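Let's take a walk through a protein chain together. Keep the picture open beside you, and turn it as we go.

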Amino acid sequence: MIARSFVVVACLATASLAFAQTPAPADWPMYSRDYQSTGYSPLTSINPSNVSKLKQVCSYEIPETVTFESSVVTIAGIMYFTTPEYTYAIDAGTCALKWRVHHEMKGPAGIVRGVAISGTRLFRGFRDGTMA
């Protein structure tokens, strides 16, 4: 009975991934942008004829001395990223800090790879096993 329950759960999870909506054109909701891991953006405003004219709009200085290895996730103009002890939300157009959440680590912080978003919930894991 347990094996059958597992198969049903696995099938439902796979089906929900297969039927997931395509992200909005300007969103980058996960590593490589979509479940197919295409790394492709459908936006057309940047192209080979104007890419050399791109200019930096803004920047945000992280108030920590850390190695940055997090994938950036962008939804509705907000960029989310992580450091070993903090989770950040930055306005993508102005680089203004929307919020920052701290998690006190017990022991070495280690490397983190970013956030995950499902619907309106944001998730991230820490090396100490905490999920926030």
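How many disulfides does the count come to? The count comes to one disulfide, where a disulfide is a pair of cysteine sulfur atoms within 2.5 Å. A disulfide is a covalent bond between the sulfur atoms of two cysteines.

Before we look at that bond, a word on what you're seeing. This is a predicted model, where local features need pLDDT of at least 70 and side-chain atom pairs count only at pLDDT 80 or more, while totals for chains, interfaces and linings use all residues. Residues are numbered from 1 along each chain as its sequence is written, and side-chain values use heavy atoms, with hydrogens and water left out.

Now for the overall plan. Helices (H or I, at least four residues) and strands (E, at least two) are DSSP runs, numbered from the N terminus. Of the 132 residues in the protein, 23% are buried. Buried means under 20% relative accessible area, exposed means over 50%, and partly exposed is in between (1.4 Å probe, protein chains only).

Back to the disulfide. Cys-58 and Cys-95 are the two partners, with 2.1 Å from S to S. The link of Cys-58 and Cys-95 is right-handed, with 65° about the S-S bond. This pair links distant parts of the chain, 37 residues apart: Cys-58 sits in the loop between helix 1 (2-18) and strand 1 (73-75), and Cys-95 in the loop between strand 3 (86-91) and strand 4 (97-102). Cys-58 is partly exposed at 23% relative accessibility, whereas Cys-95 is buried at 11%.

Which residues line the second largest pocket? Its lining is made of Val-57, Cys-58, Ser-59, Tyr-60, Met-79, Phe-81, Ile-90, Ala-92 and Cys-95. On a 1 Å grid over the protein atoms alone, a pocket is an open set of points where a 1.4 Å probe fits, with protein on both sides within 12 Å along at least five of seven lines, and lining residues have an atom within 4 Å of a point. The second largest pocket has a volume of about 150 Å³; grid points are joined across faces, edges and corners, and a volume is the space filled by probe spheres set on the points. Sort the lining by class and you get eight nonpolar, one polar and no charged residues. Here Ala, Val, Leu, Ile, Met, Phe, Trp, Tyr, Cys and Pro count as nonpolar, Asp, Glu, Lys and Arg as charged, and the others, Gly among them, as polar.

Next, find strand 3. Five of its six residues are buried, so strand 3 is largely enclosed by the rest of the structure. Strand 2 (residues 78-82) pairs with strand 3 in the antiparallel sense over five bridges; two strands pair if DSSP finds at least two bridges between them. Met-79 stands opposite Ile-90 in strand 3, and a hairpin of three residues joins strand 2 to strand 3. Strand 3 and strand 4 also run antiparallel, joined by five bridges, and Ala-89 has Trp-99 in strand 4 as its bridge partner. These two strands form a hairpin with five residues between them, and Cys-95 in the turn has a positive phi of about 65°. Most residues other than glycine have a negative phi.

Now look at the aromatic rings. The structure holds four aromatic pairs, and rings of Phe, Tyr and Trp (its six-membered ring) pair if their centres lie within 6.5 Å, with planes under 30 degrees apart counted as stacked, over 60 as edge-to-face and the rest as tilted. Why is the pair of Tyr-60 and Tyr-88 edge-to-face? Their ring centres are 5.9 Å apart and their planes are at 65°, so the pair is edge-to-face. Tyr-60 lies in the loop between helix 1 and strand 1 and Tyr-88 in strand 3, 28 residues apart, so to speak of this pair is to speak of distant parts of the chain being linked. Tyr-60 is partly exposed, with a relative accessible area of 26%, while Tyr-88 is buried at 0%. Tyr-86 and Tyr-88 have ring centres 6.0 Å apart and planes at 40°, so that pair is tilted. Ring pairs link Tyr-60, Phe-81, Tyr-86 and Tyr-88 into a cluster.

One last stop is the loop between helix 1 and strand 1, where you can find Ser-32. Phi of Ser-32 is near 65°, a positive value in a residue other than glycine, and Ser-32 counts as buried at 16% relative accessibility.
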